[in-house]
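This report follows side-chain pairing and packing through one chain. Start with the structure below.

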Amino acid sequence: MKNKLKELRQERNLTQEELAQALGVTRQTIIAVENDKYDPTFRLALKIAQFFEVYVEDIFILE
């Protein structure tokens, strides 16, 4: 699954650490999601979408 997490984070000038803290996860989790090494749980995907005020489908793309 591809995603646009890095682009959204950079558009808001957030570091990986800042985003991780806001979502209650580790920086390593953010790195793994951004690098397509980890597909987030549905709960985390919803938290990310809610944080950026977009739909889940706007961030995560099934291939």
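The side chain of Asn3 reaches the backbone nitrogen of Leu5 at 3.0 Å. The model is predicted. Asn3 sits in strand E1. A second polar contact of Asn3 runs side chain to side chain, with Asp36, at 3.0 Å.

Is Asn3 buried or exposed? Asn3 is buried, because its relative accessibility is 14% and the cut-off for burial is under 20%. Beyond its neighbours within four places in sequence, Asn3 is in contact with Val33, Glu34, Asp36, Ile59, Phe60 and Ile61. For Glu34, the C-alpha atom lies 7.0 Å from that of Asn3, although the two residues are 31 apart along the chain.

## Two salt bridges

How many salt bridges does a search of the whole structure find? There are two. Side chains of opposite charge can pair when their charged atoms come close.

One joins Asp36 to Lys2, at 3.6 Å from N to O. Asp36 lies in the loop between helix H3 (27–34) and helix H4 (42–52), and Lys2 in strand E1 (residues 2–3), so this pair ties together parts that are 34 residues apart in sequence. Both ends are partly exposed: Asp36 has a relative accessible area of 32%, and Lys2 has a relative accessibility of 38%. Asp36 also makes the side-chain polar contact with Asn3.

The other joins Glu34 to Arg9, at 2.5 Å from N to O. Glu34 belongs to helix H3 and Arg9 to helix H1 (residues 5–11), so the bridge links distant parts of the chain, 25 residues apart. Are Glu34 and Arg9 buried or exposed? Both are buried. Glu34 is also among the contacts of Asn3.

## The nonpolar core

The largest nonpolar core holds 15 residues. Which of them touch the most other members? They are Leu5, Ile48 and Phe52. Helices H1, H2 (16–23), H3 and H4 each give two or more residues to this core. H4 gives the most, with five.

Not counting residues up to four places away in sequence, Leu5 touches Leu19, Ile30, Val33, Glu34, Ile48, Phe52 and Ile59. Ile48 and Phe52 in that list are the other two residues that touch the most core members. Glu34, also in that list, is the salt-bridge partner of Arg9.

Key:
Residues numbered from 1 in each chain as written. Predicted model: local features only at pLDDT ≥ 70, side-chain atom pairs only at ≥ 80, totals over all residues. Heavy atoms only, no water. Salt bridge = Lys/Arg side-chain N within 4 Å of Asp/Glu carboxyl O. Helix = DSSP H or I, 4+ residues; strand = E, 2+ residues; numbered from the N terminus. Buried < 20%, exposed > 50% of the residue type's maximum accessible area, 1.4 Å probe, protein only. Core = buried A, V, L, I, M, F, W, Y, C linked by side-chain atoms within 4.5 Å. Contact = heavy atoms within 4.5 Å. Polar contact = N/O pair within 3.5 Å; in protein donor to acceptor, adjacent residues only side chain to side chain.
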